[in-house]
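Dear colleague,

I am passing on a structure that will be new to you, and I would be glad if you looked through it alongside the notes below. The sequence and the structure come first, and what was found follows.

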Amino acid sequence: MSSDDAPRSSPGRSFWQRLGRPPQADQTVREQQQLLAWRGALSAVLVPAAEERQVLQRFCEITVQQGVADLAALLRPGPQSMLQPVALSGPRAFVSDICCTPSAAISDTQGPLGRAWREGRAWYSEERPSAAALVEWNAQAARRGLRASAILPVLRRRRVWALLLLARERQSDWASDSQMLLESTAQLLGDVLEDLAKQQLQLILGSGLRAALDSVVLTDTHRRVLYVNQSFTLMTGYKEEEICHKGLKILQGPETSLADLASLDMALRDGVAWSGKLLNYQRNGQTFWNHVSIVPVRNTAEELTHFLGILRDVSREHSLLGQLEYEARHDRLTGLANRRALDDELELALARVQRNRSSLTVCLIDLDSFKPINDRYGHDAGDHVLQVVARRLREGLRRTDYVARLGGDEFVILLEGYRTLNELTLLLAKLEPLVNAPILLPNGQEVSVQLSMGVCRYPEDGEIDVGRLLRYADLALYQAKANRQQRVQYWVFHHERILARQSAGR
C-alpha cells in the first residue's frame, strides 16, 4: 500500500489529541449540537400549532425523530391521580410498568416520577440513591432495554403541570451542559402551552369582548376564573391574578341576597343563561350594585366548556330607581308616606289584623288654625309648620305605627294592636300637647296649631272594607271640627258618632 493510501488523521483530531482532550468530548459536543437541532425543530413545529394535544404529540415525536431519546412521554395525573401518558412516542409498555400516584405523601415506593413531581425538579438516572423504588425502576428499564433516563417537570403558572420522561437504549447519561438544554426545552414546552392557552382564551372571549363595554369574566365549568379584563379590575379593584386565585365568591358579602345567589347557582348547575342584579363588594369593602349576565359556552360537540360573564356597575341606576320609587310613595315635603303608599298599607294592615284577630285604628287629622298661618306668613312658613307637625307625630308614636300625609294639612295615622279604648285614649291624649306646642318660624315668629281628628276602629265599626275606613274616619273628623267650640277632646270615634245620632233620633 502506497503512502497515499495510508489512513490519515484529521488535523483537528490530531490537535485535540495533542492537547490531551478526553475521547468523550466529541460525543458531548455532538450531543449538544443534536439538542440544539432538536430545539430548532421543535420551535419550527410547535409555535404554529393550534391544539394542545397536537403540540404534546408532535413534541414527543420530534424528540424521538431527532435521536434525543428512544422514548419520549408526557405524563399527567388521570383517574385516581395516577400518572398516565397524554402524549407518547416509543415503547408504551415501559410507561405502563412505572405508573405511580405523585400526589401521595413522600415515599420511597413512588420512585423518581413521584419525586420529580413533588419536588418540581429534574431527575437523571446518573443519580444513584439507595431507595428500593429506584432498584425497581432500574429493573423495569433494563427489561425494556432502556439504560439512561431523565424526568423533567413541565411548568405552567409556576406549578408542575406534567412530567417529560426521556429514555434511551445506550448507556450514556446526559452531561451537565446537555441537562441544561433539556430543562430549558421543557420550559419552552410549558411556555408554548401557556401561549396556546391564552390564544384559545382570546378566541373564546373575542366575540364577547367586542360586544361588551363592561367587565368580562371567563370561568371553566368548575367556576374557576380563567380571565378577567381591565374593566373588571377597574370596577372591583381586584387584579386578574388575585381573582383567579380567590374566585368570584370574594365579591359577595353579608348583604348579598342569598336567594339571588341560589338562583345563580341553579342556573350554573343546569348550564343555562342567567341574568340578575347582585349587591357585591369591591376590594376596599365598598358595596356596589352589579348587573350580571352569564352565558354558557359550548364547543362544536355541544359540550359545556366555559361560562362567560358580562358585568356592569349599575349602582347609579339603582340609586336613581330607588329614589324614584321612594318619591312615588312618599310626600316630598314631609317625607311621610303619601296617599298611594297609604292605600297599599291599609290593605296589608286590615288583612293582618283580621288574620291575627287584632284591632286596627284609622285616625284622620286636620290642623285647626293652619290657614291663617299660611295666609299671614306665606307658604314657606306653612310648609315649615307641616314639617314640624309631621316630625312631632312620628316622635309621639311607636316605631310600628304608620303616619301618612294625604295632602294640604291632612294626615292619617294607622295604629295596630290597641286592645281597649282606654289604651288608645291615653295615646291620643299624649299627642295633643306634643303637636299643639308653639312652633318657631324661620322669621322668628311663634305660631301654633290645634288638632281635629276622626277615628274609625276595626272591629268596633263592623266588618268594613278598606274603602270605608277613611270614609268613616272622615265623617268622624267632620263632626269633630263642627263641634270644635264645645268639644272636650279633639277626636271623635266613628262608632260613638253613630251612637250619638241614634240617641238624638230618639
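To begin with a pair of helices, V389, R392, L393, E395 and G396 in α14 meet L427, K430, L431, L434 and V435 in α15. Sorted by class, the residues of this contact are six nonpolar, one polar and three charged. The axes of α14, which covers residues 379-396, and of α15, which covers residues 421-436, come within 10 Å and cross at roughly 145°, and the crossing is right-handed.

Please bear in mind that this is a predicted model, with a mean pLDDT of 83 for the protein and 85% of its residues at 70 or more. Confidence is highest in strand β13 (residues 410-416), where the mean is 95, and lowest in helix α1 (residues 11-19), where the mean is 45. Over residues 1-20 the pLDDT is below 50, and this stretch has four contacts in the model beyond near neighbours in sequence. Residues 104-109 also stay under 50, and for them the model has nine contacts beyond four places in sequence.

The other part I would point you to is strand β16 (residues 450-458), in which eight of the nine residues are buried. Strand β11 (residues 360-368) runs antiparallel to β16 and is joined to it by nine bridges, with L367 standing opposite L451 of β16. Strand β17 (residues 491-493), by contrast, runs parallel to β16 and is joined to it by three bridges, and here M453 stands opposite W491 of β17.

With best wishes

Conventions: Residues numbered from 1 in each chain as written. Predicted model: local features only at pLDDT ≥ 70, side-chain atom pairs only at ≥ 80, totals over all residues. Heavy atoms only, no water. pLDDT = per-residue confidence, 0-100. Helix = DSSP H or I, 4+ residues; strand = E, 2+ residues; numbered from the N terminus. Contact = heavy atoms within 4.5 Å. Axes fitted to C-alpha atoms, helices over the stretch in contact; angles between N-to-C directions. Left-handed = near helix turned anticlockwise from the far one by under 90°. Nonpolar A, V, L, I, M, F, W, Y, C, P; charged D, E, K, R; others polar. Buried < 20%, exposed > 50% of the residue type's maximum accessible area, 1.4 Å probe, protein only. Pairing = 2+ DSSP bridges.
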